[in-house]
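Have the coordinates open as you read along.

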Amino acid sequence: QVQLLESGGGLVQAGGSLRLSCAASGSIFRLNTITWYRQAPGKQRELVAMIIIGGTPTYADSVKGRFTIWSDNANNTVYLQMNKLEPEDTAVYYCNADYLTTPYHRVRDDWGQGTRVTVSS
């Protein structure tokens, strides 16, 4: 069984920074992709950033130049550094993982429980 644990959320003033982490633990043979999503109150969940392990990250236009995603492959952990935070970044942030538990079993859509980010103006 695999667990995805997000951490690092909190309350920060506009212009500040937070670093989120998504740690995958358990029976992981290979982590393929981690995607960070967020859902603000009353809004649909939206993609924030994605990284294919060993590949190039992609970002939503709204966070380009402010957020950085990278992976610590040895520890199956992906980080999201969020700088110059804006009140519009307030949301619950979720990580979504695509991974192999064995060379023959792929899990394409696993979600963590979310971590709340609140940016005050």
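Let's begin with Asp98, which is buried because its relative accessible area of 9% falls under the 20% limit. The model is a predicted one, so please read every value here as computed from it. Asp98 pairs with Arg106 in a salt bridge whose closest N and O atoms are 2.8 Å apart. Arg106, for its part, is partly exposed, with a relative accessible area of 40%.

**Salt bridges**

The whole structure holds six salt bridges. Side chains of opposite charge can pair when their charged atoms come close.

| Pair | N to O distance |
|---|---|
| Arg38 and Glu46 | 2.6 Å |
| Asp89 and Arg38 | 2.9 Å |
| Asp98 and Arg106 | 2.8 Å |

Glu46 counts as partly exposed at 35%, whereas Asp89 is buried, as is Arg38. What does the pairing of Asp89 with Arg38 tie together? Asp89 sits in the loop between strand 8 (77-82) and strand 9 (91-102), and Arg38 belongs to strand 4 (residues 30-39), so the bridge links parts 51 residues apart in sequence. Through shared partners, salt bridges join Arg38, Glu46, Arg66, Glu86 and Asp89 into one network.

In soluble globular proteins, nonpolar side chains tend to be buried together. Here the largest nonpolar core has 31 residues, and those with the most contacts inside it include Ile34, Trp36, Phe67 and Tyr93. Among the elements giving two or more residues to this core are strand 1 (2-7), strand 5 (46-52) and strand 11 (115-120). Which strand supplies the largest share? That is strand 9, with five residues.

Glu6 is found in strand 1, and its relative accessibility is 4%, so Glu6 counts as buried. Which backbone nitrogens does the side chain of Glu6 reach? The backbone nitrogen of Gln113 lies 2.9 Å from a polar atom of that side chain, and the backbone nitrogen of Gly114 is reached at 2.8 Å. Beyond its neighbours within four places in sequence, Glu6 is in contact with residues including Cys22, Trp36, Tyr93 and Cys95. Glu6 and Tyr94 are 88 residues apart in sequence, yet their C-alpha atoms are 7.2 Å apart in space.

Note on methods
Residues numbered from 1 in each chain as written. Predicted model: local features only at pLDDT ≥ 70, side-chain atom pairs only at ≥ 80, totals over all residues. Heavy atoms only, no water. Salt bridge = Lys/Arg side-chain N within 4 Å of Asp/Glu carboxyl O. Buried < 20%, exposed > 50% of the residue type's maximum accessible area, 1.4 Å probe, protein only. Helix = DSSP H or I, 4+ residues; strand = E, 2+ residues; numbered from the N terminus. Core = buried A, V, L, I, M, F, W, Y, C linked by side-chain atoms within 4.5 Å. Contact = heavy atoms within 4.5 Å. Polar contact = N/O pair within 3.5 Å; in protein donor to acceptor, adjacent residues only side chain to side chain.
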